[in-house]
Amino acid sequence: MAHGTAAVAKVDSPRSPYVRRKTTRGNYELYSWIFMRASGVVLLVLIFGHLFVNLMVGEGVHAIDFAFVGGKWSNPMWQVWDLLMLWLAMIHGTNGVRTIINDYATRDMTRLVLKGLLYLAFTVVVVLGTLVIFTFDACPPDAPAELLASFCTA
Amino acid sequence: MPTAPAGTLYRGREGMWSWVAHRVTGVLIFFFLLVHVLDTALVRVSPEAYNAAIGTYQTPIMGLGEAGLVAAIVFHAFNGIRILLVDFWAKGPKYQKVMLWVVAGLFVVTMAGFLPRHLMNVFGGGH
């Protein structure tokens with residue numbers, strides 16, 4: 001504070017908080033940074049659970065077949081689990097690869113093409129995966145019974 | 001014309017190398033995820049198509065690949081928690097090196113729990 005000066009500077013909004021830099025781009029990168037941390041914690045639980053049930057319990061990877069998937073997805077809990085895992089992992093992974101492309105692809109055109117491919121892959125995989133979880137039929141009528149979960153024939 | 005991308009070498013040591021490993025494992029997991037959703041989508045084609053695809057995951061070579069994938073996931077998960085602590089815990093930056101060794105320790109313990117069981121499933125005459 002400069003004391004003793006008579007001149008009083010005119011300030012537009014004296015009580016508005018200090019803004020370092022005005023930007024028109026919003027807080028996208030901040031929200032992406034927060035999302036990576038929040039989704040990371042949830043994914044740790046979801047994926048460790050997924051790996052434990054599919055690779056550690058029983059015969060592990062050898063027990064996985066169509067009937068195994070049928071048994072899991074007949075339970076709404078696993079449908080929600082896998083849906084959440086699909087969406088969070090795809091957004092988390094896509095955002096991570098987006099960051100890496102931004103870091104290493106120095107040419108504008110290279111960045112544009114790589115990110116275009118990335119977002120295309122994201123859309124295809126998320127839409128396909130979501131449809132599969134919701135339209136899955138554990139007991140398709142024309143399939144051999146020995147390939148299906150036991151509850152199909154019961 | 002730029003000859004090398006910026007930031008190929010930062011400061012070395014624990015901080016940089018854990019960051020490099022986090023990126024490498026992240027990209028690896030992401031590409032597996034793309035493939036994994038596509039192979040799982042085969043359940044909508046037919047039981048036979050899905051079983052044929054998942055059958056290739058049950059071979060010894062893919063079994064080793066799965067071990068590598070799980071290793072990548074376990075490191076990425078534990079190091080992710082370390083990043084969280086560096087960002088949100090007041091003493092996080094001070095202990096970032098120590099925490100990397102904690103990550104390494106937890107990694108060894110987790111893999112010691114997973115590997116014998118998985119390798120027995122893969123090589124121990126399943127099917």
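Below we talk through how two chains meet.

Modeller: Keep in mind that this is a predicted model.

Colleague: Okay! Why are H1(A) and H3(B) called roughly antiparallel?

Modeller: Look at the angle. The axes of H1 (residues 28-56) of chain A and H3 (residues 60-88) of chain B cross at roughly 150 degrees. Angles over 145 count as roughly antiparallel, so these two helices get that label. Their axes also come within 10 Å, and the crossing of H1(A) with H3(B) is left-handed.

Colleague: Which residues meet there?

Modeller: From H1(A) you have Arg37(A), Gly40(A), Leu44(A), Ile47(A) and Leu51(A). On the H3(B) side are Val70(B), Ile73(B), Ala77(B), Gly80(B), Leu84(B) and Asp87(B).

Colleague: What makes two of the residues in this contact polar?

Modeller: Gly counts as polar here, and the contact includes Gly40(A) and Gly80(B). Besides those two polar residues, the contact has seven nonpolar and two charged ones.

Colleague: Zooming out, how many residues of chain B touch chain A?

Modeller: 38 residues of chain B are in contact with 36 of chain A. H1(B) gives the most to chain B's side, with 10 residues. By class, that side divides into 20 nonpolar, 12 polar and six charged residues.

Colleague: And what does UniProt say about chain B?

Modeller: An unreviewed UniProt entry annotates residues 20-38, 67-86 and 98-115 of chain B as "transmembrane region". In the model, residues 20-38 of chain B are 100% helix, with end C-alpha atoms 28 Å apart. Residues 98-115 of chain B are 100% helix too, and there the end C-alpha atoms are 25 Å apart.

Terms used. Residues are numbered from 1 along each chain as its sequence is written. Chains are lettered from A and ligands numbered from 1 in the order in which they are written. This is a predicted model: local features need pLDDT of at least 70, side-chain atom pairs count only at pLDDT 80 or more; totals for chains, interfaces and linings use all residues. Axes are lines fitted to C-alpha atoms, for helices over the stretch in contact, and angles run from 0 to 180 degrees between N-to-C directions. Helices (H or I, at least four residues) and strands (E, at least two) are DSSP runs, numbered from the N terminus. Angles under 35 degrees count as roughly parallel, over 145 as roughly antiparallel, 65 to 115 as roughly perpendicular and the rest as oblique. A crossing is left-handed if the near helix is turned anticlockwise from the far one by less than a right angle, and right-handed if clockwise. Two residues are in contact if their C-beta atoms, placed from the backbone, lie within 7 Å. UniProt positions are given in the numbering used here, feature names are shortened, and annotations may be inferred rather than shown by experiment.
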